[in-house]
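The sequence and structure are shown first, followed by the findings.

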Amino acid sequence: MATFSAETLAAPFTYTGVCAEVTEFWDRATREANPGKNPPVKTDADGMPLLSLDFMRIEEVFGRPQTIVFQVQFPKTAVPGDLEPGRYSLINAVVNVYARDSKIRESWTAEGIEEF
(Lines give C-alpha, C1' and ligand atoms only; values in the text may rest on other atoms or scores of the structure.)
Protein backbone atom coordinates (compact mmCIF):
# COMPACT_ATOMS: atom_id res chain seq x y z
CA MET A 1 0.00 0.00 0.00
CA ALA A 2 1.41 3.38 -0.99
CA THR A 3 0.98 6.28 1.43
CA PHE A 4 1.60 9.93 0.72
CA SER A 5 0.81 13.28 2.32
CA ALA A 6 -1.42 15.68 0.46
CA GLU A 7 -0.62 19.39 0.25
CA THR A 8 -4.15 20.64 0.77
CA LEU A 9 -3.64 24.32 1.52
CA ALA A 10 -3.11 24.92 -2.20
CA ALA A 11 -6.14 22.83 -3.16
CA PRO A 12 -9.35 23.63 -1.28
CA PHE A 13 -12.07 21.01 -1.18
CA THR A 14 -15.82 21.52 -1.06
CA TYR A 15 -17.58 20.08 1.99
CA THR A 16 -20.97 18.64 0.99
CA GLY A 17 -22.61 18.80 4.42
CA VAL A 18 -22.71 15.01 4.91
CA CYS A 19 -21.23 13.93 8.25
CA ALA A 20 -21.43 10.60 10.10
CA GLU A 21 -19.70 8.73 12.90
CA VAL A 22 -17.19 6.11 11.78
CA THR A 23 -17.99 2.61 13.03
CA GLU A 24 -15.92 -0.57 13.20
CA PHE A 25 -16.29 -3.01 10.31
CA TRP A 26 -18.28 -6.12 11.20
CA ASP A 27 -18.18 -9.08 8.85
CA ARG A 28 -21.22 -11.28 8.31
CA ALA A 29 -20.33 -13.70 11.14
CA THR A 30 -19.99 -10.85 13.65
CA ARG A 31 -23.29 -9.28 12.53
CA GLU A 32 -25.06 -12.64 12.85
CA ALA A 33 -23.55 -13.18 16.32
CA ASN A 34 -24.84 -9.74 17.43
CA PRO A 35 -28.37 -9.41 16.01
CA GLY A 36 -29.98 -6.03 16.57
CA LYS A 37 -26.71 -4.44 17.72
CA ASN A 38 -24.75 -1.76 15.92
CA PRO A 39 -20.97 -1.85 15.48
CA PRO A 40 -19.04 0.27 18.00
CA VAL A 41 -17.84 3.75 17.06
CA LYS A 42 -14.23 3.88 15.89
CA THR A 43 -11.83 6.04 17.94
CA ASP A 44 -8.42 7.59 17.38
CA ALA A 45 -5.30 6.88 19.47
CA ASP A 46 -6.52 9.29 22.19
CA GLY A 47 -9.91 7.59 22.46
CA MET A 48 -11.83 10.37 20.68
CA PRO A 49 -14.63 9.25 18.30
CA LEU A 50 -13.97 9.70 14.59
CA LEU A 51 -16.26 11.52 12.16
CA SER A 52 -16.40 11.01 8.40
CA LEU A 53 -17.11 14.09 6.27
CA ASP A 54 -17.84 14.00 2.52
CA PHE A 55 -15.84 16.34 0.27
CA MET A 56 -15.77 16.96 -3.49
CA ARG A 57 -12.92 17.73 -5.84
CA ILE A 58 -12.54 18.04 -9.62
CA GLU A 59 -10.23 15.62 -11.44
CA GLU A 60 -9.48 15.23 -15.09
CA VAL A 61 -10.32 11.72 -16.27
CA PHE A 62 -9.59 10.84 -19.91
CA GLY A 63 -9.37 14.54 -20.72
CA ARG A 64 -12.72 15.48 -19.14
CA PRO A 65 -13.37 17.14 -15.79
CA GLN A 66 -15.13 14.84 -13.32
CA THR A 67 -16.45 15.47 -9.82
CA ILE A 68 -15.04 13.04 -7.26
CA VAL A 69 -16.72 12.64 -3.86
CA PHE A 70 -14.50 11.26 -1.12
CA GLN A 71 -14.66 10.84 2.65
CA VAL A 72 -12.17 12.19 5.18
CA GLN A 73 -11.95 10.93 8.77
CA PHE A 74 -11.38 13.48 11.56
CA PRO A 75 -11.26 13.33 15.35
CA LYS A 76 -14.64 14.60 16.59
CA THR A 77 -13.00 17.47 18.51
CA ALA A 78 -11.41 18.80 15.28
CA VAL A 79 -14.77 19.39 13.56
CA PRO A 80 -16.78 22.47 14.57
CA GLY A 81 -20.39 21.66 15.48
CA ASP A 82 -21.74 24.39 13.20
CA LEU A 83 -19.73 23.40 10.09
CA GLU A 84 -21.56 24.57 6.96
CA PRO A 85 -21.09 23.29 3.39
CA GLY A 86 -18.39 25.27 1.61
CA ARG A 87 -14.70 25.38 0.67
CA TYR A 88 -12.17 24.23 3.25
CA SER A 89 -8.54 23.22 3.61
CA LEU A 90 -7.59 20.01 5.39
CA ILE A 91 -4.90 20.20 8.07
CA ASN A 92 -2.19 17.51 7.92
CA ALA A 93 -4.13 15.29 5.53
CA VAL A 94 -2.80 11.82 4.79
CA VAL A 95 -3.97 9.71 1.87
CA ASN A 96 -3.51 5.94 1.73
CA VAL A 97 -3.71 4.67 -1.83
CA TYR A 98 -4.11 0.99 -2.62
CA ALA A 99 -5.32 -1.24 -5.45
CA ARG A 100 -8.33 -3.46 -4.87
CA ASP A 101 -10.63 -5.20 -7.33
CA SER A 102 -8.62 -3.72 -10.24
CA LYS A 103 -9.38 -0.19 -8.99
CA ILE A 104 -7.36 2.42 -7.18
CA ARG A 105 -8.82 3.20 -3.73
CA GLU A 106 -8.07 6.11 -1.40
CA SER A 107 -8.45 6.42 2.35
CA TRP A 108 -8.19 9.99 3.71
CA THR A 109 -7.52 11.15 7.27
CA ALA A 110 -6.82 14.65 8.59
CA GLU A 111 -6.09 16.32 11.91
CA GLY A 112 -8.38 19.29 11.34
CA ILE A 113 -10.25 21.55 8.99
CA GLU A 114 -10.15 25.31 8.33
CA GLU A 115 -11.94 27.73 6.02
CA PHE A 116 -10.16 28.46 2.79
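Predicted model: local features only at pLDDT ≥ 70, side-chain atom pairs only at ≥ 80, totals over all residues.

D54 is part of strand 3, which covers residues 50-61. Apart from neighbours within four places in sequence, its contacts are T14, Y15, T16, V18, V69, F70 and Q71.

## The largest pocket

The largest pocket of the model has a volume of about 500 Å³. Its lining is made up of 22 residues, and those nearest the centre are V69, F70, Q71, E106 and S107. Two or more lining residues come from each of strand 2 (13-21), strand 3, strand 4 (64-75), strand 6 (94-100) and strand 7 (103-109).

By residue type, the lining of this pocket contains 10 nonpolar, 4 polar and 8 charged residues.

Most residues other than glycine have a negative phi. Two exceptions are described here.

F62 lies in the loop between strand 3 and strand 4, and its phi is near 55°. The residue F62 is exposed, with a relative accessible area of 84%.

N92 is located in the loop that joins strand 5 (86-91) and strand 6. Its phi is near 50°, again a positive value in a residue other than glycine. N92 is partly exposed, as its relative accessible area is 48%.

How values were computed: Residues numbered from 1 in each chain as written. Heavy atoms only, no water. Helix = DSSP H or I, 4+ residues; strand = E, 2+ residues; numbered from the N terminus. Contact = heavy atoms within 4.5 Å. 1 Å grid on protein atoms, 1.4 Å probe; cavity = no way out; pocket = protein on both sides within 12 Å on 5 of 7 lines; lining within 4 Å. Points joined across faces, edges and corners; volume = space filled by probe spheres on them. Nonpolar A, V, L, I, M, F, W, Y, C, P; charged D, E, K, R; others polar. Buried < 20%, exposed > 50% of the residue type's maximum accessible area, 1.4 Å probe, protein only.
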